[in-house]
Amino acid sequence: MMAQAELVQCPNCRNQLWLPPGFAGFRCEYCGVHVGFRRPEPYYRPNPPEPYYRPNPVGNRPIMPGARNFNKPGYFNKPRHESIIVNPPPLIRVSCNKRAVLCGISYKNTKHELKGCINDVNCMKYLLMTKFSFPEDSIIVLTEEEEDSKRIPTRQNMQRWMRWLVQDCRAGDSLVFHYSGHGSQQEEDYSGEEVDGYDETLLPVDFETAGMIVDNEINETLVRPLPPGARLHAIIDACHSGTVLDLPYLCVFNPRQGNCAWEDHTPQNGVCKATSGGEAISFSGCEDDQTSADTKALSKIQSTGAMTFSFIKAVEKGEGKTYGTLLSYMRDSVRAARQKPKNPTVLTNMLYEGGSQKQGKIQEPQLSSSYPFDINEKPFYL
């Protein structure tokens, strides 16, 4: 069962916010005012010496961790909003070391509608439970079909649950973040972090009013807090998602040597994009300048994300023994499903090559990491 948060009202601006159990106060995300409350009664306390006596609960109050302010010019596309301050309610650890957040967005009844994203997260949830022993109550699913309003994939809810995924993580924890939906790019804020001058983004269901979630924030939220011994796997099935976690190393295939090498993507301005000692690995649907398919070409029955389907199929067929065999099977599956016709036009090339006019650039799943390793030797596991 999940612990319940308390709905409280800011005494200054009167906006309502969720206060996680055990926290003595919060900083209002709207007006910035710090508000303190009396600490909740402990679950256990000694028998009081007198019937009406209670110890003073003021001492050793938990301090609400401050969130970095991303609301500076150029960080998000307009309209810009401050990052979420109050964390979501913590989930009781059932398996003690496995957690997942799965986000699938269909953008139903809009011009951006996708057909396979909700199916993607349902399949990923089943895979995590049956193949990797993730307990069901440690998997958070965000889709438009959820009855709980806190699990609709709005920008605010996605931020909250990404923070929940890594909060209090420790050595031995295995974390998974899966996203199936739209991805995009926007010009960066001239910080010099991006080689191509663009930040990669994820698009919440309310992105047209609340804004996109930028790769800098994703890195700050999911990657930077990972302590030694903790592992995060991100599986991002979206357009322009090659470096959406801003990890320092990208695995690049060398056709001349017939092998893969790690390309250093450490920002030239010296900004740290690594973990705090943990391990972060990301599988993404395509390169930064490509689009990712939502198609029936792979399953032959129902629309799915090409990258999600190939990932699940590789694991089911036993091709996920190492990161190298998993990546190779995923790329071969996507290529086979998107074979180009003979004598294609430029437009046909773009359809089959992930929106790129460059010859020979068919959508290819990407692998990035917080540190380089031998992909043919390192075993894959979640």
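User: What share of the contacts between residues at least 6 apart in sequence join residues at least 24 apart in this protein?

Analyst: In this predicted model, 67% of the contacts between residues at least 6 apart in sequence join residues at least 24 apart. The chain behind that figure has seven helices and 17 strands, and buried residues make up 50% of its 382 residues.

User: Why is helix α5 described as largely enclosed by the rest of the structure?

Analyst: Helix α5 spans residues 306-316, and eight of its eleven residues are buried, so the helix is largely enclosed by the rest of the structure. The buried residues include Met307, Phe311, Ile312 and Val315, together with Thr308 and Ser310. After the helix comes Gly318, which has a positive phi near 80 degrees.

User: Why is the pair of Trp262 and Phe373 called tilted?

Analyst: The ring centres of Trp262 and Phe373 are 5.1 Å apart, which falls within the 6.5 Å limit for a pair. Their planes stand at 55 degrees, and since stacked requires under 30 degrees and edge-to-face over 60, the pair is therefore tilted. A search of the whole structure finds eleven aromatic pairs.

User: What makes this a link between distant parts of the chain?

Analyst: Trp262 lies in strand β13 (residues 259-264), whereas Phe373 lies in the segment after β17 (366-369), and the two are 111 residues apart. Both also belong to a cluster linked by ring pairs, whose other members are Phe132, Phe283, Phe311, Tyr323, Tyr371 and Phe380.

User: Why does Phe373 count as buried, and why is Trp262 partly exposed?

Analyst: The cut-off for buried is under 20% relative accessible area; Phe373, at 12%, is below that limit and therefore counts as buried. Trp262 has a relative accessible area of 21%, and because exposed would require over 50%, Trp262 is partly exposed.

User: What makes β8 and β10 edge strands?

Analyst: Three strands form an open antiparallel sheet in the order β8-β9-β10, and β8 (183-187) and β10 (213-214) each pair on one side only. Two bridges join β9 (residues 198-202) to β10, which meets the requirement of at least two for a strand pair, and Thr201 stands opposite Val214 in β10.

Definitions and conventions:
Residues are numbered from 1 along each chain as its sequence is written. This is a predicted model: local features need pLDDT of at least 70, side-chain atom pairs count only at pLDDT 80 or more; totals for chains, interfaces and linings use all residues. Side-chain values use heavy atoms; hydrogens and water are left out. Helices (H or I, at least four residues) and strands (E, at least two) are DSSP runs, numbered from the N terminus. Buried means under 20% relative accessible area, exposed over 50%, partly exposed in between (1.4 Å probe, protein chains only). Contact means heavy atoms within 4.5 Å. Rings of Phe, Tyr and Trp (its six-membered ring) pair if their centres lie within 6.5 Å; planes under 30 degrees apart count as stacked, over 60 as edge-to-face and the rest as tilted.
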